[in-house]
Amino acid sequence: MGNPRSGFAVASLAAVVALAACATARAADGPDVFGTFWVTRYDAKVQVVGGGELPLTPDGKAAYEMNMAGLKDGSITDASRRWCVPGGVPRVLANPYPFEIINAPRGQVTFVYELSHMVRAVQMDQSLPSDKELIPYPYFNGHSVGRFEGDALVIETAGFNERTFIDATGAPHTDLMHTIERIRRISPKEIENVVTIHDPEYYSRDWQTRFVYQQHDDLRLQDYVCGEQNRDISAVPGVRRP
C-alpha cells in the first residue's frame, strides 16, 4: 500500500503549480498597466490637454463661478475632503496619494486608492448601460466598464451623481457627464491616463486632461483617516506645503 502522505504531497504540489500557471496567465492578460502607482505632479486646477481654459458653456461658467464663490465663503462644502466621499472622475485621478491597479477578480479591473480607501470597480465583461438606466442609480465615481485595446486599458464611465467636482477648484459637471480613459505605459516606470470629458450641458466641446504616474511596486498602501494626519505627500510636486 502506497504512502498516503506522498500522494497528498503530489496533489498539493500539482495544485500550487496550477495556481502559479493561472496567475501567470492572468498577469499576461491585457496591457502592462498593473501595479502600484503615484502621480508625478498634483494640480488643484484641472489641466486641459493643449492648454487654455475649460471650454465652458454659459451654464457651465455660471455653475463654476457659483462653486468657487461657495467654496470660498463656506456656503458650499467640498464633501470629498470634508466627509471623505469619493472624489469622482477625473478628480480622483489627480489625487496625490498612491493607488493600485489590480487585474482581478476575473472579469474586473479594480482600482484601490489610499486616499479615503476609495475602490473603483471596472467591469471588463459588460457594456455601459444607457443614461436612462444609469441616472436613477448614480455613483460618486460613476459606473465604469473597460476593455483592452492594443497597449491601452480603455475605461468608459457614466452615471455620476452631481455631488462631486471635476477638480479641487470646483469645476462643475452634470449627471450626464461621460468620460473615457486611455491608460497605457509610456516608459518602463511610468504610465499615463488621458481622459476625455463629454458633458454638453456645461462644456461646449469634448476636452481632455492627462495624468502621469510613476510605478512604485516596492510601496504598500497605508491606512487613511479623514481629517487626521496621513502619509507625508509634501514631496509630490504641486502639493501646497503647510
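Which residue takes a positive phi in the hairpin of β3 and β4? It is S116, with a phi near 60°, and five residues lie between the two strands. Bear in mind that this is a predicted model.

Staying with those strands, β3 and β4 run antiparallel and are joined by five bridges. One of the pairs is V109 with V122, the latter in β4. On its other pairing, β3 meets β2, also antiparallel, over four bridges. There I102 stands opposite T110 of β3. That hairpin has five residues between its strands, and G107 in the turn has a positive phi of about 85°.

As for burial, five of the six residues of β3 are buried. F111 is among the residues with the most contacts inside the largest nonpolar core, which has 45 residues. Elements giving two or more residues to this core include β2, β3, β8 and β9. Beyond its sequence neighbours within four places, F111 is in contact with residues including F99, I101, V122, L153 and I183.

Next, L54, another of the residues with the most contacts in that core. L54 sits in the loop between β1 and α2. Is it buried or exposed? It counts as buried, because its relative accessibility is 10% and the cut-off is under 20%. Setting aside neighbours within four places, its contacts are V46, V48, Y64, A171, Y203 and W207. Of these, A171 is 117 residues away along the chain from L54, with 8.7 Å between the C-alpha atoms.

Terms used. Residues are numbered from 1 along each chain as its sequence is written. This is a predicted model: local features need pLDDT of at least 70, side-chain atom pairs count only at pLDDT 80 or more; totals for chains, interfaces and linings use all residues. Side-chain values use heavy atoms; hydrogens and water are left out. A nonpolar core is a set of buried Ala, Val, Leu, Ile, Met, Phe, Trp, Tyr and Cys residues joined through side-chain atoms within 4.5 Å. Buried means under 20% relative accessible area, exposed over 50%, partly exposed in between (1.4 Å probe, protein chains only). Contact means heavy atoms within 4.5 Å. Two strands pair if DSSP finds at least two bridges between them.
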